[in-house]
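Here are my notes for you, written as numbered points. Please keep the model open while you read, and take the points one at a time.

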Amino acid sequence: MPPQLHYLDFDFSEDTDGHGVFDAMASVGPPLWTNLQDETARLLDWALDRFPNGPGPLEDGNDWQFELAASREWSADEGLSYNTSSRRFSSQPSDARAVRHTLALTLSGSVAFCEALRAAFPPNDD
């Protein structure tokens, strides 16, 4: 049974040169941040093991490349309401909530890389 991805959900597109591009973004609270990093590392480790001609620029003949970004975000509920009698908005902002960690990963690759990635990490049909 192939490993399932629990956090990363990829959108696929093709560029004009015939390369495939997988884009994913996941956002988790602090208790799951390490799990998201572990899943991302497992995916990149797979790519390194299976396609040693990468990562690197595809135009230089590499099989795959990746871009990785992460951020921490805090949010607070505005407590926005609309009073239909006075026809005015009011708000009671709350304190900032717990941090959320967001990770964005883009994998680009050759046709062979893309086919192998799809086979190794099939989409989660939840």
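Where does proline 55 lie?

1. Proline 55 is found in the loop between α1 and β3. A cis peptide bond, with omega of about 0 degrees, joins glycine 54 and proline 55. As background, most peptide bonds are trans. The names of helices (H or I, at least four residues) and strands (E, at least two) come from DSSP runs, numbered from the N terminus.

2. A word on how to read the values. This is a predicted model, in which local features need pLDDT of at least 70 and side-chain atom pairs count only at pLDDT 80 or more, while totals for chains, interfaces and linings use all residues. Residues are numbered from 1 along each chain as its sequence is written, and side-chain values use heavy atoms, with hydrogens and water left out.

3. Now to the sheet. Four strands form an open sheet in the order β1-β2-β6-β3, with antiparallel pairing. Here, two strands pair if DSSP finds at least two bridges between them. At the edges are β1 and β3, each of which pairs on one side only. From one strand to the next, the twist averages 15 degrees. Angles like those in these notes run from 0 to 180 degrees between N-to-C directions, and axes are lines fitted to C-alpha atoms, for helices over the stretch in contact.

4. Let us walk along the sheet from β1. Strand β1 (residues 11-14) pairs with β2 in the antiparallel sense over four bridges. Across this pairing, phenylalanine 12 stands opposite phenylalanine 22 in β2, and glutamate 14 stands opposite glycine 20 in β2. The hairpin of β1 and β2 has five residues between the strands, and in this hairpin glycine 18 takes a positive phi near 85 degrees.

5. Next comes β6. Strand β2 (residues 20-28) pairs with β6 in the antiparallel sense over nine bridges, and strand β3 (residues 64-73) pairs with β6, also antiparallel, over 10 bridges.

6. Is β6 enclosed or open to the outside? Seven of the 10 residues of strand β6 (residues 100-109) are buried, so β6 is largely enclosed by the rest of the structure. Buried means under 20% relative accessible area, exposed means over 50%, and partly exposed is in between (1.4 Å probe, protein chains only).

7. Histidine 101 belongs to strand β6. With a relative accessible area of 10%, histidine 101 is buried. Among the residues that histidine 101 touches, not counting those up to four places away in sequence, are Gly29, Pro30, Trp33 and Ser71. Contact here means heavy atoms within 4.5 Å.

8. Glycine 29 sits in the loop between β2 and α1, and glycine 29 is buried, at a relative accessible area of 14%. Leaving aside residues up to four places away in sequence, glycine 29 touches Val99, Arg100 and His101.

9. Now look at the helices. α1 lies across β2, β3 and β6, running at about 10 degrees to β6. α2 lies across β1, β2, β3 and β6, running at about 135 degrees to β6.

10. How do the helices meet? Helix α1 (residues 30-50) and helix α2 (residues 111-120) pack at an angle of about 130 degrees, with their axes 12 Å apart. That makes α1 oblique to α2: angles under 35 degrees count as roughly parallel, over 145 as roughly antiparallel, 65 to 115 as roughly perpendicular and the rest as oblique. The contact is made by Leu43, Trp46, Ala47 and Arg50 of α1 and Phe113, Ala116, Leu117 and Ala120 of α2. These residues divide into seven nonpolar, no polar and one charged. In this count, Ala, Val, Leu, Ile, Met, Phe, Trp, Tyr, Cys and Pro are nonpolar, Asp, Glu, Lys and Arg are charged, and the others, Gly among them, are polar.

11. Finally, a residue to check on the backbone. Arginine 87 has a positive phi of about 60 degrees although it is not a glycine. Most residues other than glycine have a negative phi. Arginine 87 is placed in the loop between β4 (81-83) and β5 (88-90), and at 66% relative accessibility arginine 87 counts as exposed.
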